[in-house]
Amino acid sequence: MKSNPILFKDYYTRGYRCANMANITIPSFVLHSQACLLGSDAVAFTIAVTCVLLFFLLLFTILFRFRWHMRLWLYQVCRSGQRGRRSRRYKYDVFVSYAEEDAHWVLQELLPVTENQWGLTLCLHQRDFRPGKHIVDNIADCVSDSERVVLVFSPHFARSEWCQFELKFCQSVVMERDDVMVLLALQETQSRDMSGAMLAVLRTTTYIEWEEGQDARQAFWGRLRLAFEDPDEIHIV
């Protein structure tokens, strides 16, 4: 209308109005230059591309966050046909899951009694994990090759990401094999510091508490020996 004043005579006074905008006269309508550059099709395309990118970003974030759990799940699926109690002897009698900060107690207290005195074979990640093998595969193979599982609960265990990973894997394997999970409480851990998996195990499993003192230690070793010799004396997870 501005460029053809002859065609649209007196358009200011004649009151031309926008058909799709109520009470908006054409002279008072302002169209920004960006609106011409980005049409409705371009807007729809931009929104669609943005949504797709956000979806893949969210998917990547979830996969990265739970990458070890995904790997474990795939491992379990691939070996689901081999599950069940094996007819052959296990490679280890006990798989011990513990935090790195509690390694001193495991090596100085638990290992001498169970291996040297009782003749059991323990599986410890510091000693028995195969070098160069992925840690998830090491955990899965060692737990599967162990007849029983011992969890050494402590505040360090609660804060360890790998201990929590081992706990969840041990729960699934023990439930499928109907094996015994023995829980040792090395130090008192506040419930607010425990993970959901730890609380679930404590609610369903009888635990053996380690305490200082000669009588307390004898009671501890007696209950632990009973748990290893008579699986029915301990709750099955």
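Student: Among contacts in the protein chain between residues at least 6 apart in sequence, what share joins residues at least 24 apart?
Tutor: The share is 71%, where contact means heavy atoms within 4.5 Å. This is a predicted model, in which local features need pLDDT of at least 70 and side-chain atom pairs count only at pLDDT 80 or more, whereas totals for chains, interfaces and linings use all residues. Residues are numbered from 1 along each chain as its sequence is written, and side-chain values use heavy atoms, with hydrogens and water left out.

Student: How many helices and strands does the protein chain have, and what makes a run of residues count as one or the other?
Tutor: The chain has 11 helices and five strands; these are DSSP runs numbered from the N terminus, with at least four residues of H or I for a helix and at least two of E for a strand.

Student: Why is strand 2 called an edge strand of the sheet?
Tutor: The five strands form an open sheet in the order 2-1-3-4-5, with parallel pairing. Strand 2 (122–123) and strand 5 (207–209) each have a single partner strand, so one side of each lacks a neighbour in the sheet.

Student: What makes strand 3 a partner of strand 1 and of strand 4?
Tutor: Two strands pair if DSSP finds at least two bridges between them. Strand 1 (residues 92–97) and strand 3 are joined in parallel by five bridges, with Val94 opposite Arg148. Five bridges also link strand 3 to strand 4 (residues 181–185), again in the parallel sense; Val149 stands opposite Met181 and Leu151 opposite Leu183.

Student: Why is Cys163 called buried, and which class does Cys51 fall into?
Tutor: Buried means under 20% relative accessible area, exposed over 50% and partly exposed in between, for a 1.4 Å probe and protein chains only. Cys163, at 3%, is therefore buried, whereas Cys51, at 48%, counts as partly exposed. Strand 3 (residues 146–153) is mostly covered, with seven of its eight residues buried, and buried residues make up 36% of the 237 residues in the chain.

Student: What makes a set of residues a nonpolar core, and which residues have the most contacts inside the largest one?
Tutor: Its members are buried Ala, Val, Leu, Ile, Met, Phe, Trp, Tyr and Cys residues joined through side-chain atoms within 4.5 Å. The largest core has 27 residues, and those with the most contacts inside it include Phe95, Leu151, Leu167 and Met198. Helix 9 supplies the largest share, six residues. Leaving aside neighbours within four places in sequence, Leu167 is in contact with Leu151, Phe153, Phe157, Ala197, Met198 and Val201. A second, separate core of 26 residues includes Leu110, Ile208, Phe220 and Trp221.

Student: Which residues line the largest cavity?
Tutor: On a 1 Å grid over the protein atoms alone, a cavity is a set of points where a 1.4 Å probe fits but cannot get out, and lining residues have an atom within 4 Å of a point. The lining consists of Val94, Val96, Leu110, Thr114, Leu122, Val150, Leu184, Leu224 and Phe228.

Conventions
1 Å grid on protein atoms, 1.4 Å probe; cavity = no way out; pocket = protein on both sides within 12 Å on 5 of 7 lines; lining within 4 Å.
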